[in-house]
Amino acid sequence: MKKHLIALAVLAASGAAMAQSSVQLYGIVDTFVGTSQDTIKSSTAKQQTVVGSGGLKSSRWGIKGSEDLGGGLKAGFKLEQRFKSDDGSLDGVNFKGESSINLSGNFGTVALGRMATPYDDLRNKTNPIGDTDISPVKDTIKAAKADYTDKTDNTIAYVSPTYNGFSGAIGVSLNEDKATGVESSQHTSLKAQYANGPLLVGYGYQKEEAKDKGGKDNTKYNLLAASYDFGVAKLVGGYQASEITVGNVKQGDNDSLYFGVQAPVASNINVFFGLANSKYDAVTGTDVKATGYTLAANYVLSKRTDAYVGYKHIKKENDNTGADLGKIKTLAVGVRHAF
Amino acid sequence: MKKHLIALAVLAASGAAMAQSSVQLYGIVDTFVGTSQDTIKSSTAKQQTVVGSGGLKSSRWGIKGSEDLGGGLKAGFKLEQRFKSDDGSLDGVNFKGESSINLSGNFGTVALGRMATPYDDLRNKTNPIGDTDISPVKDTIKAAKADYTDKTDNTIAYVSPTYNGFSGAIGVSLNEDKATGVESSQHTSLKAQYANGPLLVGYGYQKEEAKDKGGKDNTKYNLLAASYDFGVAKLVGGYQASEITVGNVKQGDNDSLYFGVQAPVASNINVFFGLANSKYDAVTGTDVKATGYTLAANYVLSKRTDAYVGYKHIKKENDNTGADLGKIKTLAVGVRHAF
Amino acid sequence: MKKHLIALAVLAASGAAMAQSSVQLYGIVDTFVGTSQDTIKSSTAKQQTVVGSGGLKSSRWGIKGSEDLGGGLKAGFKLEQRFKSDDGSLDGVNFKGESSINLSGNFGTVALGRMATPYDDLRNKTNPIGDTDISPVKDTIKAAKADYTDKTDNTIAYVSPTYNGFSGAIGVSLNEDKATGVESSQHTSLKAQYANGPLLVGYGYQKEEAKDKGGKDNTKYNLLAASYDFGVAKLVGGYQASEITVGNVKQGDNDSLYFGVQAPVASNINVFFGLANSKYDAVTGTDVKATGYTLAANYVLSKRTDAYVGYKHIKKENDNTGADLGKIKTLAVGVRHAF
């Protein structure tokens, strides 16, 4: 029997008021054909033809819903699984994408569970090609040293309402690993942003603490990021400074700069360009520099479907000697379908 | 594209009669913030702040459906996944909650697959706070010795129709591990109950047999349980006697008593109290006693959403010397949303 | 809240034309009770009572959809999970059944991801009892030596349009394991078929190459298969020749013949009979012969639900001495429900 899920709202009486609630089954299948080579991970890696998942956006399916509780109060949830559309395998834990419940009202939103950090929200909003396999930002920074954790478990988060364009969010993730003489590790993430018409500017901070075993291990990330939509093109960019500490001893600084342009060059064609640069300045040992760029375009077939082509190139070098430490090269021609 | 699942029935012609069939996507997201400490599992465990899943009811999603086959015959199925809403991870096998198909009619219901045992049905119906992380019953009995298996694989089950309030059910789970000189292990579970208006009283029996390797290992559970709804409060309670045998030699008796009150103290506030006591009387070795209680309340925000607070406390002791063998303490403040 | 998924199409404007798109949640739960014994796998295996999954068709659930993009172009996707309905466990990777996206039009269909091979399409169309646990074909061939891989990851596939009954399909699966001095392994599969009214006749070829480490390991499968629907009965059958090569040295030939009848003996009763014979002619070592048959019948309860009984028997022998090398015997009485 054929059953189509359709676009209607469920009306249900709740207390004095009529409450409107909905549940959605949704997802994205994004698969590409291309070539790939990563000599940063393995110096003997060969260029080869691949079928890959998540060229423009990670493949996923999920269930989400919201319920109007009356009096301005709402409940919502989101369960999102990530999978590899090229081989059908699960990508990470069952609901890696999100597993959250929230209550929202005039006071803002309080959410519990696994979710993207506030820091990640700001980085994504200013990312040249978003949450994708061919965006240069994350891989360039990881090639230099390490990038932040984008989603956290056991999280308590608060998102403020927006006042004249200003808003903020904070999330604390508890690792629940307290033991004799060892404090529990945790991640703390926050952002403050100003959004007004075409402009977004924001600041983000994320501190990732490992267990305190008589000497803190942690990494602190600071991000200043902005975007401006000129209509003919949207510019995005950011500066991220991170500092790595092991046993209370600073190990090094990892500073990164990224920039991007998103331009609708025709009614159904968009061009994306992104550039990223990341340096790891080690207190002792080798300094590393990584540089990456991506050029991509999509052809919009419908609101839900597009075809795309993209090329990502990342180069890692010894920042003292200039010696080549490997490259990542990915060419992708793919189709993305949202449901 | 937004798709809402809506409340309508699917009409389909089937044989001579019009058959009504439905498929539902459903679930519960239940997440809490709290503190937790379990010195029974590890004597050095510290109290720590946690985000947890399933405070009032295990987090789950599933697909279920039924089809009217005409002539009083119906087919039904249920596939239910359990997950940890605090970190998005899968809880147990894919469809741990249930993976069943059934045919029902005047003769009763015959079901095949993975499902809750008849014994578990009776225990759940008389459980102070149901299938939850903060109910004291299961954890108190497990602290003393061992509690029954609630769901079984490879099960053939029969549920009788109800005659004047009387009904019964039996389930046999086959472990499919027969080998030379070894009989297959299996679980057998049954219940008989009488339900009439506010009263429910029932008897349950479950025998969990391990492989017969020339000497039976098994545990037998007997349960007498009842509930009565006075309107201002519902009382529930039960007495469970279990006997553990290894190699045809009795190891000990594990007898448990539990009791609970569920009271709607205001139009949208319910209070729950549960108490459990379990003793393990070993033929040789240490006798153990465990005592647990839970006090909880929920605030009903809508038919689908509530907020709750609960505290569970379990104490394990050497029943001969009174020596402290650890405690479990859980405080939870959470939100539960059904879809 | 009860939500039923209903049979309506989603209408959405897309470019100049009205596009019709749909998303379906679908599945099959097929569970049986029976007896099973496999002395080919283990010579000491005992006959035992089992509850099993997929007697007539593998248990599964999935999400699939299609979107009309206008101008004769369509986008489609399918995500299908296989699970064991007897114990709720996942069968293989998350979307083992299929994880594909496709674009189709006058030019045919191009698909990417994990999917059944074209060779498998032809085998399934001529299989006495389809994709089931009690079909004799696959298990008889595997008992003799080895059968083809039915679904492949990282696949690029093309299915031609149909011209006067003729059509073809090809799929290439990339294993993405190229390394220094080693070519990437890959599977190539194709079929050509002619379908006209009651007749289907087709040819299939599948080459499964392992990594080239200075000496090719591969297995080649050739299939000639046909079906003819006489109305009172449908006849199906095929001849498969496979050749196994290790390090450029031929190891042996595995030739198989299968035949089947599907007959609707009453308005709601169908009878199925299948027979398979497979010989492995080794260049050096023991020659093996396997013979299998299945007799089954289903009783149609509705379009979506049937009950069935089936018996499968497979015998493996030393083809030189006639020595018994074991048997597989499966008796299944089950229920299958599609949603």
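These legends accompany close-up views of a predicted model. Local features need pLDDT of at least 70 and side-chain atom pairs count only at pLDDT 80 or more, whereas totals for chains, interfaces and linings use all residues. Residues are numbered from 1 along each chain as its sequence is written, and chains are lettered from A in the order in which they are written.

**View 1. The interface of chain A and chain B.** Here 45 residues of chain A are in contact with 40 residues of chain B (contact means heavy atoms within 4.5 Å). The area buried between these chains is about 3900 Å², with 67% given by carbon and sulfur atoms; buried area is the accessible area (1.4 Å probe) that two parts lose on being put together, summed over both. Between chain A and chain B there are zero salt bridges, a salt bridge being a side-chain nitrogen of Lys or Arg within 4 Å of a carboxyl oxygen of Asp or Glu.

**View 2. The interface of chain C and chain B.** In this view, 40 residues of chain C are in contact with 45 residues of chain B, and the buried area is about 3800 Å², of which carbon and sulfur atoms give 67%. Across this interface, too, the rule finds zero salt bridges.

**View 3. A nonpolar surface patch on chain B.** Y228(B), F230(B), V232(B), L235(B), F259(B), L275(B) and Y293(B) together have about 630 Å² of accessible area; patches are made of residues with over 30% relative accessible area and no salt bridge, nonpolar side chains (Val, Leu, Ile, Met, Phe, Trp, Tyr) being joined within 5 Å and like charges within 9 Å. Among them, F230(B) lies in the loop between β12 (218-229) and β13 (234-246) of chain B, where strands are DSSP runs (E, at least two residues) numbered from the N terminus.

Methods: Side-chain values use heavy atoms; hydrogens and water are left out. Accessible areas come from the Shrake-Rupley method with a 1.4 Å probe; for residues, only the protein chains shown count as cover. Helices (H or I, at least four residues) and strands (E, at least two) are DSSP runs, numbered from the N terminus.
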